[in-house]
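My notes follow the structure.

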Amino acid sequence: MTDILDAEYRTGQIKLHDAAAFEGMRKAGLLAAQCLDMLTPHVVPGAVTGALDDLAREFIVDHGAIPACLGYRGYTKTVCISPNHIVCHGIPGERALREGDIVNIDVTVIVDGWHGDTSRMYGVGPVAPRAKRLVDVTYEALDRGLAMVKPGNRTGDIGHAIQSYVESMRCSVVRDFCGHGLGKVFHDAPNILHFGQRGTGELLRAGMFFTIEPMVNLGKHPVKLLADGWTAVTRDKSLSAQCEHSIGVTETGFEVFTLSPTGQYRPPITVA
Ligand code: MF3
Ligand code: CO
Ligand code: CO
């Protein structure tokens, strides 16, 4: 996701893409989804996050694609792995996953210059009921945001749909990171805030590409950045979840580029 304060990669202009660009994004989105599909059976108690990152990198390179995060603004890994109270940008390393963790894995690939950016929540063995509930709320929030995507609506309609639902479920929406335009550029205009007012923000038009990637906390919304400069955690140490799709706006609505071809976008989570 994009740090809202950092606009250095933006031209400021929202690009409108043609049919060939949609075709490019389908390929990139598919490979990103397949990478997360590939990881699913490996997300088990004892799995070392650095080893999951190795699997993702090898998969992407073996498919002739480029791991977009590797070397991106100094990031040294292929994926972000964010368990429990880590909101986003968790850096894979020595940490082993434990039974009961809920964990986000976020991958971005570049295929023929096009970016596919997606993330999912996985349960590591059975998880606490409140952890499963948070994950369910987060996926539903993304769905409600997606449902607002059609020409004539505005980015604020997306944010409002997400925020009003999440808060009605007594959870909170992270403010410090947002979705983003993407295409040949990784983080482009427009910003897609996951909170806001109906009828505000940028007008949606056919041909726009962007991500929706709400981060939802069980507790309050403030986050803090750890000393590594990447890892964002909830200030109150409450659990956080996120899921992300890359989409294109069509004449009638939207197309999701990052759906799992095998229907695994929501890996089943069992409750302890
Ligand atoms: N994939 C993230 C996003 O959704 C970006 C991660 S950038 C990294 O935009 F450098 F942290 F990998
Ligand atoms: Co993103
Ligand atoms: Co992402």
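**Cysteines, then charged pairs**

I searched this predicted model for disulfides and counted zero. I checked Cys80 next: its sulfur is 5.1 Å from the closest cysteine sulfur, that of Cys69. A disulfide needs the two sulfurs within 2.5 Å, so the distance from Cys80 to Cys69 is too far for a bond. I noted Cys80 as buried, at 7% relative accessible area.

I then looked up Cys243, which is in no disulfide; the nearest cysteine sulfur belongs to Cys171, 13 Å away. Cys243 is buried too, with 0% relative accessibility.

I moved on to salt bridges and counted 10.

- I found Glu23 and Arg26 joined by a salt bridge, 2.7 Å from N to O. Glu23 is partly exposed at 37%, and Arg26 is partly exposed at 32%.
- I found Lys132 bridged to Asp136, with the closest N and O atoms 2.9 Å apart. Both lie in helix H3 (residues 129-146), four residues or about one turn apart. I recorded 23% relative accessibility for Lys132 and 28% for Asp136, partly exposed in each case.
- I found Glu140 and Arg144 in a salt bridge of 2.8 Å, N to O. Glu140 is partly exposed at 26%, as is Arg144 at 36%. These two are also four residues apart in helix H3, about one helical turn.

Last, I looked for shared partners: salt bridges link Glu23, Arg26 and Glu255 into one network.

Methods: Residues are numbered from 1 along each chain as its sequence is written. Chains are lettered from A and ligands numbered from 1 in the order in which they are written. This is a predicted model: local features need pLDDT of at least 70, side-chain atom pairs count only at pLDDT 80 or more; totals for chains, interfaces and linings use all residues. Side-chain values use heavy atoms; hydrogens and water are left out. Buried means under 20% relative accessible area, exposed over 50%, partly exposed in between (1.4 Å probe, protein chains only). A salt bridge is a side-chain nitrogen of Lys or Arg within 4 Å of a carboxyl oxygen of Asp or Glu.
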